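Please open the model in a viewer and keep the selection panel at hand.

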Amino acid sequence: MKIELGDTVAIARSLNSVASVHRHLEQYDKALENYQLAIELLNDGQSNRIVAECLSNMGDVHEKKGQYKKAVVFFKRSLELAEIENAKHHKQKIYKNLALV
């Protein structure tokens, strides 16, 4: 319904939340699918913070799956957007994640 209204940001946030639930339940493929859907909704360049969060979360999923190289790729993509947005808290989180991979 919200897609029809054009509220893609709200839908993307909801998908990010659903994906996080899947991640905590160790349903990693479902989590990745929902993060990707959220990112695809936000290809307008106006929602870099949400996309950065999804990318970081995807990096976390790959790290949990033991796919460390993929995790680093997603963390770095997230960091690029966080730097564009000057999201200091998010950048700190990503640097910590990169250090632990």
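This is a predicted model. Begin by selecting residues 68-85, helix α5, together with residues 88-100, helix α6; the two pack with their axes 9 Å apart and at an angle of about 160°. Angles over 145 degrees count as roughly antiparallel, and α5 and α6 are therefore roughly antiparallel to each other. Their crossing is left-handed.

Next, display the side chains where these two helices meet. On α5, select Val 72, Phe 75, Lys 76, Ser 78, Leu 79, Ala 82 and Glu 83; on α6, the partners are His 90, Lys 91, Ile 94, Tyr 95, Asn 97 and Leu 98. Sorted by class, the contact of α5 with α6 comprises 7 nonpolar, 3 polar and 3 charged residues.

By class, the contact of α4 with α6 holds 2 nonpolar, 4 polar and 2 charged residues.

Finally, move to helix α2, residues 8-24. Its 17 residues reach 24 Å from the first C-alpha to the last, close to the 24 Å expected at 1.5 Å a residue. Which residues of α2 are buried? Select Ala 10, Ile 11, Ala 12, Leu 15, Asn 16, Ala 19, Ser 20, His 22 and Arg 23 to see them. The last stop is Glu 26, which follows α2 and has a positive phi, near 65°.

Conventions. Residues are numbered from 1 along each chain as its sequence is written. This is a predicted model: local features need pLDDT of at least 70, side-chain atom pairs count only at pLDDT 80 or more; totals for chains, interfaces and linings use all residues. Side-chain values use heavy atoms; hydrogens and water are left out. Axes are lines fitted to C-alpha atoms, for helices over the stretch in contact, and angles run from 0 to 180 degrees between N-to-C directions. Helices (H or I, at least four residues) and strands (E, at least two) are DSSP runs, numbered from the N terminus. Angles under 35 degrees count as roughly parallel, over 145 as roughly antiparallel, 65 to 115 as roughly perpendicular and the rest as oblique. A crossing is left-handed if the near helix is turned anticlockwise from the far one by less than a right angle, and right-handed if clockwise. Contact means heavy atoms within 4.5 Å. Ala, Val, Leu, Ile, Met, Phe, Trp, Tyr, Cys and Pro count as nonpolar, Asp, Glu, Lys and Arg as charged, and the others, Gly among them, as polar. The expected span of a helix is 1.5 Å times one less than its number of residues. Buried means under 20% relative accessible area, exposed over 50%, partly exposed in between (1.4 Å probe, protein chains only).
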